[in-house]
Amino acid sequence: MILVTGGAGFIGANFVLDWLAQSDEAIVNLDKLTYAGNRENLASLSDHPGHLFVQGDIGDSALIDRLLKQHKPRAVLNFAAESHVDRSIHGPEDFIQTNIVGSFRLLESVRAHWNGLPADEKAAFRFLHVSTDEVYGSLGPGDAAFSEAHRYEPNSPYSASKAASDHLVRAYHHTYGLPVVTTNCSNNYGPYHFPEKLIPLMIVNALAGKPLPVYGDGMQVRDWLYVKDHCSAIRRVLEAGRVGETYNVGGWNEKPNIEIVHTVCQLLDELRPRADGRPYASQITHVADRPGHDRRYAIDARKLEQELGWRPAETFETGIRKTVAWYLEHEEWVRNVQSGAYQNWVQVNYAGRAA
Ligand code: NAD
Ligand code: TYD
């Protein structure tokens with residue numbers, strides 16, 4: 001079996017669902033259930049014998065030690081993190097605690113467990129750390145995409161905390177021999193994406209008749225990957241990635257934010273036209289920019305493609321259509337995640353950003 005952390009969040013839940021749909025190998029899913037963790041994402045697994053959900057913190061060493069001893073996973077996959085840049089600007093503390101201290105404690109527990117394994121299990125064991133392209137900083141318009149050799153230049157408390165965790169993972173391999181692999185992926189989108197992030201926020205605001213808040217000029221570029229393609233990359237790296245290596249994950253799909261927002265609006269115009277017949281794009285408003293906003297991310301995924309033969313299954317056109325359709329079909333899920341705490345976040349982040 002494998003131990004997954006953060007498996008009630010956006011990418012973790014997609015990973016758990018895809019894994020159990022394709023494999024008989026069981027999952028222990030440890031998640032703290034912060035505002036971003038949602039058991040409803042895993043509702044279809046309620047009777048699944050291969051899924052054990054445990055609510056808890058990656059920084060709770062006693063709990064992790066007990067889970068490792070009890071279940072003896074052959075791999076630990078660390079998705080758990082505080083993940084939203086804007087939240088890291090308003091309150092970095094949780095990012096330091098989970099992404100740095102939590103990852104450190106998890107590594108310590110895993111190291112102790114791994115040290116006690118018989119030689120064959122020790123050799124086969126993997127710690128897979130799920131990270132982001134944001135650790136590499138921001139690119140200029142003509143710069144080459146991030147390769148694995150790009151220097152770390154994180155610019156937000158979020159990316160700095162992820163960079164710190166990547167460094168700890170690396171150090172646990174070099175110092176203690178722990179068999180680690182790290183993936184650094186570009187921006188994901190797809191089902192179960194919490195509507196604080198760009199694409200789901202635009203979908204739910206558009207449908208609610210609210211403004212579509214584009215930060216600054218909207219010409220910041222992100223490299224978008226459908227979440228299930230990220231999950232297939234993680235499975236492939238777990239299966240065949242070389243120990244101690246990092247693999248960049250991306251679909252060669254750079255787009256400025258404003259183009260993403262227009263694409264979402266056009267799909268909604270087609271699939272759920274506004275009652276007054278006006279285009280959803282009429283709801284777009286430019287608001288104050290994010291402090292320290294990275295201008296451009298782009299991933300060079302050649303190492304993963306050439307070494308491990310991974311390819312994304314979706315183009316942006318097919319993935320974004322599926323995503324918009326998913327949100328239209330899951331209005332109850334959207335209603336349920338827009339709790340009081342969500343409304344409070346919207347107030348904190350957008351109230352001070354007059355158009
Ligand atoms: P998310 O915020 O949707 O989910 C994070 C999950 O981790 C939640 O279920 C939350 O409850 C859980 N969690 C938070 N703190 C925890 C703790 N201390 N102990 C246990 N569980 C805890 O995030 P996501 O978008 O699914 O991202 C998952 C991982 O992938 C993160 O490590 C993130 O840095 C990385 N990543 C995300 C993207 C993206 O575009 N979303 C891209 C590249 C990499
Ligand atoms: P986000 O989904 O927060 O991902 P990240 O910051 O990790 O790339 O944001 C994606 C891009 O969209 C980023 O350039 C910021 C921008 N953005 C907006 O323009 N408006 C918004 O309301 C949000 C949440 C993001």
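Here are a few notes on this predicted model, point by point.

1. Local features need pLDDT of at least 70 and side-chain atom pairs count only at pLDDT 80 or more, while totals for chains, interfaces and linings use all residues. Residues are numbered from 1 along each chain as its sequence is written, chains are lettered from A and ligands numbered from 1 in the order written, and side-chain values use heavy atoms, leaving out hydrogens and water.

2. Start with the largest nonpolar core, which has 68 residues. A nonpolar core is a set of buried Ala, Val, Leu, Ile, Met, Phe, Trp, Tyr and Cys residues joined through side-chain atoms within 4.5 Å; buried means under 20% relative accessible area, exposed over 50%, partly exposed in between (1.4 Å probe, protein chains only). Which members touch the most others? They are Phe 15 and Leu 77. Leaving aside residues up to four places away in sequence, Phe 15 touches Ile 2, Val 4, Leu 77, Phe 79, Cys 231, Ile 234 and Arg 235 (heavy atoms within 4.5 Å).

3. Apart from that core lies another, of 22 residues, including Leu 3 and Ala 80.

4. Most residues other than glycine have a negative phi. Lys 72 isn't a glycine, yet its phi is positive, about 45°. Lys 72 is exposed, with a relative accessible area of 55%.

5. Trp 252 is another non-glycine with a positive phi, about 55°. Is Trp 252 exposed or partly exposed? Trp 252 is partly exposed, at 45% relative accessible area.
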